[in-house]
Amino acid sequence: MSSSFTIHVLHSHPKACCLHNVISTRRGARVILHDGARIAIIGGGPAGSLFCIFASQLARDMGMALDFTIYERKSFASYGASGCNMCAGVVSESLVQLLALEGINLPPAVVQWGIESYFFHTEGGSVEIKSSRLRQRGIATVFRGGGPAGSLAKGIQSFDDFLLQRAVEHGACVKRTFIDRVCMEGDKPRLYSGGKMLQDCDLLVGAFGIKAGTGKMFEDLSAGYKVPPTTKAVQSEIELGSDWVERRFGHSIHIFLLRIPGIKFVSVIPKGDYITVSVLGKYPKSDHITAFLDHSAMKKFLPSGFQIPQKFCHCFPKISVGAAIKPFARRAAFVGDASSTRLYKDGIGSAYITAKAAAHTALLHGIGEKDFREYYFPACKSLNRDNLFGQHLFFVNKLISVVSPVSRGYFHIVQSEQKNLQKNTPYSDVLWDMFTGSRFYKDIFFRTLHPWFILYLLGAVVLYPIKKAFLFFANRWKGVVL
Amino acid sequence: MTEESLLGRLYEDGETIVEEGMQSRTMYVIQGGKVKVVKNDNGNETVLALLGEGDIFGEMSLFDASPRSATIKAVGEARVLAIEHEGLMKRIKMDPTLALRMIKQMCQRIRDLNARLIVTKKAMHQASEGLLQLQRTEGVPRKDLEPKILAMVAQLQENLHTLTEQYVPRDESLP
């Protein structure tokens with residue numbers, strides 16, 4: 001029986017439904033979660049685990065107990081690509097704070113490095129940016145899996161594994177089974193693996209990220225659902241030893257905006273004994289990593305005589321660059337990357353937002369298509385709308401970096417701001433918030449539209465070359481006099 | 001604990017994190033170590049609570065914008081994560097359930113305060129009853145009464161001290 005047919009029957013004859021978890025109302029059938037309801041979560045990454053944690057917490061507050069099963073084929077404790085969810089592994093400032101408020105404090109074994117500033121390296125020079133709001137190590141770098149290949153016994157705990165264990169503490173049962181078929185049988189989703197029926201569930205949660213095969217399976221199940229568009233990045237883990245990492249990279253994430261063909265920008269993220277090099281470009285290749293490591297701007301950060309290992313841990317992760325279409329259905333919701341995610345930033349933060357919104361909708365409002373549309377979908381739409389502002393900001397950022405006088409002017413203002421963090425630092429804050437993901441793009445966008453912001457920048461563009469010329473002639477004059 | 005992998009800011013033993021009477025709306029979550037909540041009364045420092053890893057403090061000023069009601073100091077080395085006020089208020093407006101854990105912790109503190117109030121009331125009642133009994137006693141020379149009064153004052157002080165001691169560790173188990 002097709003899913004659409006089932007849905008049609010139920011909507012046409014709401015009174016015919018005598019299931020105990022379907023409440024008849026004047027407007028039609030309302031499907032809710034009852035005490036002991038079974039929830040199947042496909043994918044044990046942050047989105048799946050967080051959904052389980054939030055739903056379980058709220059259910060307990062409401063005096064209910066739910067039965068959660070998380071299907072995750074990977075063991076996140078494994079080393080190398082087999083245990084990794086392939087991501088740069090930065091937990092943003094706002095997410096660190098939100099998780100702490102939720103009672104999820106990241107332990108030292110999970111946090112590989114505490115980050116307190118960002119360095120921006122351009123062809124014209126470097127500038128360090130610190131948050132003017134809070135001076136602390138507020139950003140965490142983590143490994144999504146058990147660590148890079150060959151990192152055995154280095155005391156690394158996977159971020160995904162940590163969250164999954166928290167979900168288990170909240171009562172989730174984790175199964176290493178690969179779900180290869182999902183269909184609607186009667187009113188409920190039914191899961192199969194290798195032709196064997198595993199279970200019926202009251203609610204199905206798709207937290208499978210951007211895996212094409214699983215996405216296709218759900219597109220077939222849920223009328224209207226379409227996985228988000230993706231692009232590729234290339235990243236690698238390079239072992240340098242924690243002393244070297246501390247000395248050369250400090251507690252900073254380094255962004256390289258260099259003119260290397262095929263590369264938009266490169267992030268270098270310190271993680272204990274390792275650095276993660278993440279390259280964003282149009283058609284990323286492993287050659288881009290070697291080209292970047294060979295660039296003079298990066299070479300000074302590496303030990304003298306550093307040779308790129310022949311075999312180094314690298315991968316080509318997919319990045320979601322758009323939104324899924326209709327990430328919900330009757331008795332089904334899609335969360336995390338399978339739904340909506342913030343542009344280029346804070347994928348784990350988006351998983352937090354969508355997982356929480358879906359969990360609260362399911363518990364407080366219901367699990368019908370209408371419930372998800374009214375209460376869950378606005379959270380996704382808000383992320384999607386915010387990404388439109390993000391696109392504008394990244395476009396303007398690119399424009400500024402191309403037009404040298406403007407980028408020099410901006411660079412100069414930021415440098416002056418960083419000398420005195422007690423004063424207002426609007427230009428640094430824009431860069432900080434854009435690259436750390438600690439504010440919504442919409443907030444940042446409207447800050448940049450302030451007339452004073454634009455006028456001061458234009459002033460710097462005009463005055464900086466004059467000041468430079470004046471200093472040049474003053475020095476020459478001094479030289480002549482002396 | 002690995003220093004590199006701890007979040008927040010490190011405070012030395014005895015360093016003040018929050019100063020009583022100061023205006024600030026930042027809230028904190030302890031990432032490692034312990035802190036004590038102290039109230040200053042004419043130079044006398046009373047420890048109100050001892051907080052540990054995962055505990056939240058400074059949430060009252062976040063909501064009511066009043067000056068800090070107590071001083072918070074590090075006990076040994078403590079690493080504390082500050083939660084920025086402006087961003088948090090925006091988030092709470094979007095997702096009010098974020099405040100649930102803070103409300104639960106405040107509920108627990110009100111319960112503890114109620115329990116302390118009852119014990120204090122009992123101790124004060126016992127002391128006043130004892131003094132009234134002494135007043136009613138006739139024919140006892142004043143010098144014989146003094147040791148009894150002193151013993152009662154000592155007992156009262158002991159009761160109040162026990163009260164603080166008893167409830168300080170309870171705050172450690174706050175959710």
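In this predicted model, the axes of H9(A) and helix H10 (residues 369–402) of chain A come within 9 Å and cross at roughly 165°; because an angle over 145 degrees counts as roughly antiparallel, H9(A) and H10(A) are therefore roughly antiparallel to each other. The crossing of this pair is right-handed. From H9(A), the residues Ser350(A), Ile353(A), Thr354(A), Ala357(A), Ala358(A), Thr361(A) and Ala362(A) meet Asp371(A), Phe372(A), Tyr375(A), Tyr376(A), Ala379(A), Cys380(A) and Leu383(A) of H10(A), and the residues of this contact divide into 10 nonpolar, 3 polar and 1 charged.

Helix H9 (residues 347–364) of chain A also packs with helix H3 (residues 93–101) of chain A, their axes coming within 9 Å and crossing at roughly 40°, and H3(A) and H9(A) are therefore oblique to each other. Here the crossing is left-handed. On the H3(A) side the contact is made by Leu95(A), Leu98(A) and Leu99(A), and on the H9(A) side by Ile348(A), Gly349(A) and Tyr352(A); these residues comprise 5 nonpolar, 1 polar and no charged.

Between chain A and chain B, 33 residues of chain A are in contact with 34 residues of chain B, and the buried area is about 2,600 Å², of which carbon and sulfur atoms give 57%. The two chains are also linked by 5 salt bridges; among the salt bridges is one in which the side chains of Arg439(A) and Glu86(B) meet, at 3.9 Å from N to O.

Notes
Residues numbered from 1 in each chain as written. Chains lettered and ligands numbered in written order. Predicted model: local features only at pLDDT ≥ 70, side-chain atom pairs only at ≥ 80, totals over all residues. Heavy atoms only, no water. Axes fitted to C-alpha atoms, helices over the stretch in contact; angles between N-to-C directions. Helix = DSSP H or I, 4+ residues; strand = E, 2+ residues; numbered from the N terminus. Parallel < 35°, antiparallel > 145°, perpendicular 65-115°, else oblique. Left-handed = near helix turned anticlockwise from the far one by under 90°. Contact = heavy atoms within 4.5 Å. Nonpolar A, V, L, I, M, F, W, Y, C, P; charged D, E, K, R; others polar. Buried area = accessible area lost by both parts, 1.4 Å probe. Salt bridge = Lys/Arg side-chain N within 4 Å of Asp/Glu carboxyl O.
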